[in-house]
Amino acid sequence: MKIESLIEDLECGDASRAAAAEARVMEQADTVVPALMCAAAGRKSTRDLQPLMGVLKRVGPPAFDAVVTAWRREEIPDWQAGRYLGVFDERSADQYAAAAADPDLRMSHQGFSGLVRLRVDSDAGLRALAEAFSRGNASYNYDAARYARLLAHSFGPRLRGLRRDPAESPRTRRGARAALVAGGGTDALDRRDQEVIERLIRVKIPHEIPRLPSLSLSGWWLAVPGASYEGVFEALGLYERRPITVSGGLHAVDGGSDRVRLTGPDGTDRTVGRAFVTPELDGWRLVYGPLDLLLGDPWDDMIEAVERVSAHCGQAQFFFLDEHGGSNIWVVAEEGMVIRRYTAEDDPEWEGDPLPWETLAVDDPDYDPEFDDCPPNAGTSSAQSACGQLSLDPAEVGPDTRVCGHGWLVLTEPDAGHGEFPGILRL
């Protein structure tokens, strides 16, 4: 059978001729499929591979094995192997599971991608998940985490059983624990493992040297007095408090891990965010998290939220920096009202009476009233400078900072559970 003529028949556009060519492939799949892939190895686009991909799908499991073999032998490029392995159906479910358990991260990725696409619920898939996470590199395999979350409800009891089965190896039991956390956070663990993690957190907290995010480029935070910080939970509507280290709390609210979309008890979708309240640092507690979910949007909502927090805590300070966008904001509220604020590029930029520590623009030695024009209350125009005078400069937090208590990881919605957030929480 000439491979070139066979390819020509598959791609001719004549349905009957193409069907006859497919039949010939099916009859001699073990030898013809590898030859077809080698002949197509030089093609540069997915479109050029479509006829062959259709044939591979119809052949099924034998073609799957042929793709894996050709890929391992480097007879086909990585991108083509990915396209081919993305076409198989439920008949190849066990082969996808075997690929997922493969120590080669590229192969494992393709295996889990197939398991996710087909929504495979099988013991082989569960075992692949435990095996992948037992190696410690599954956190780099996005599809492994997706598979763990996709089948968290079904796999949870079985993984907990695997975790406690004395007949299983310690490695498999560790993998089951990691897969549980990847699928449903620490909430998915049994009480015994949860208590171990809670003890670990409490052991680490007293010895941790706190480090806060850099003020460069962009960021925001809220500061409240340590003595009255409890009011921030009610003021912002924060729920399900859990003790957490500073590094763990900041990791939990970093970027894409700070929120999740869930279906509520009434069937409607809702967005749930995570926030981190630091331990008391030199007399102040700082709040980090998703700005829009904690303080609202637009600007008027944020100001109202800061005033509400100050009504509950006595004082609240809001700082926002975005060097790329030109934003530089600091706000001080006491007993429910803003008393001073600076907003770059606003009109007016300063509101409220200058605070005692501020250096006024009109007092600057270089100020010339004949040529310079600025309002009499123009003062400090930098959140970086204001935060150190008002409460706490995050950049200065370190070994010499006086730390009291511990931080809290909290949620912006009730009855959501910490386990719904993707990823493994760093402690």
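The model is a predicted one. Its chain is built with 18 helices and 12 strands, and 48% of its 427 residues count as buried. When contacts between residues at least 6 apart in sequence are considered, 67% of them join residues that are at least 24 apart.

**The pair of helices α7 and α8**

- Helix α7 covers residues 93-100 and helix α8 covers residues 105-118, and the axes of these two helices come within 6 Å while crossing at roughly 140°.
- Angles over 145 degrees would count as roughly antiparallel, and the two helices α7 and α8 are therefore described as oblique to each other.
- The crossing in which α7 passes α8 is left-handed.
- On the side of α7, the residues that meet α8 are Ala93, Tyr96, Ala97, Ala99 and Ala100, while α8 contributes Met107, Ser108, Gln110, Gly111, Phe112, Gly114, Leu115, Arg117 and Leu118.
- Sorted by class, this contact of α7 with α8 has nine nonpolar residues, four polar residues and one charged residue.

**Leu118 as an example from α8**

- Leu118, which is found in helix α8, has a relative accessibility of 16% and so counts as buried, the cut-off for that word being under 20%.
- Apart from its neighbours within four places in sequence, Leu118 is in contact with Phe88, Asp89, Glu90 and Tyr96.
- Of these contacts, Asp89 shows how residues separated in sequence can meet in space, for Leu118 and Asp89 are 29 residues apart along the chain and 7.2 Å apart from C-alpha to C-alpha.

**Backbone features to look for**

- As background for the points below, most residues other than glycine have a negative phi, and most peptide bonds are trans.
- The peptide bond that runs from Asp297 to Pro298 is cis, with an omega near 15°, and Pro298 is placed in the loop between α16 (291-294) and α17 (299-313).
- Another cis peptide bond joins Asp347 and Pro348, where omega is about 5°, and Pro348 has its place in the loop between β9 (337-343) and β10 (350-351).
- Glu74 is not a glycine, although it has a positive phi of about 60°, and Glu74 lies in the loop between α5 (61-72) and α6 (78-85).
- The relative accessible area of Glu74 is 71%, so this residue is exposed.
- Glu335 likewise has a positive phi, near 50°, in a residue other than glycine, and the place of Glu335 is in the loop between β8 (327-334) and β9.
- Glu335 counts as exposed because its relative accessibility is 61%, where exposed means over 50%.

**Cysteines**

- How many disulfides does the model contain, if a disulfide is a pair of cysteine sulfur atoms within 2.5 Å? By this rule the count comes to zero.
- Cys387 has a relative accessibility of 0% and therefore counts as buried.
- Cys404, with a relative accessible area of 31%, is partly exposed.

Definitions and conventions:
Residues numbered from 1 in each chain as written. Predicted model: local features only at pLDDT ≥ 70, side-chain atom pairs only at ≥ 80, totals over all residues. Heavy atoms only, no water. Axes fitted to C-alpha atoms, helices over the stretch in contact; angles between N-to-C directions. Helix = DSSP H or I, 4+ residues; strand = E, 2+ residues; numbered from the N terminus. Parallel < 35°, antiparallel > 145°, perpendicular 65-115°, else oblique. Left-handed = near helix turned anticlockwise from the far one by under 90°. Contact = heavy atoms within 4.5 Å. Nonpolar A, V, L, I, M, F, W, Y, C, P; charged D, E, K, R; others polar. Buried < 20%, exposed > 50% of the residue type's maximum accessible area, 1.4 Å probe, protein only. Disulfide = S-S within 2.5 Å.
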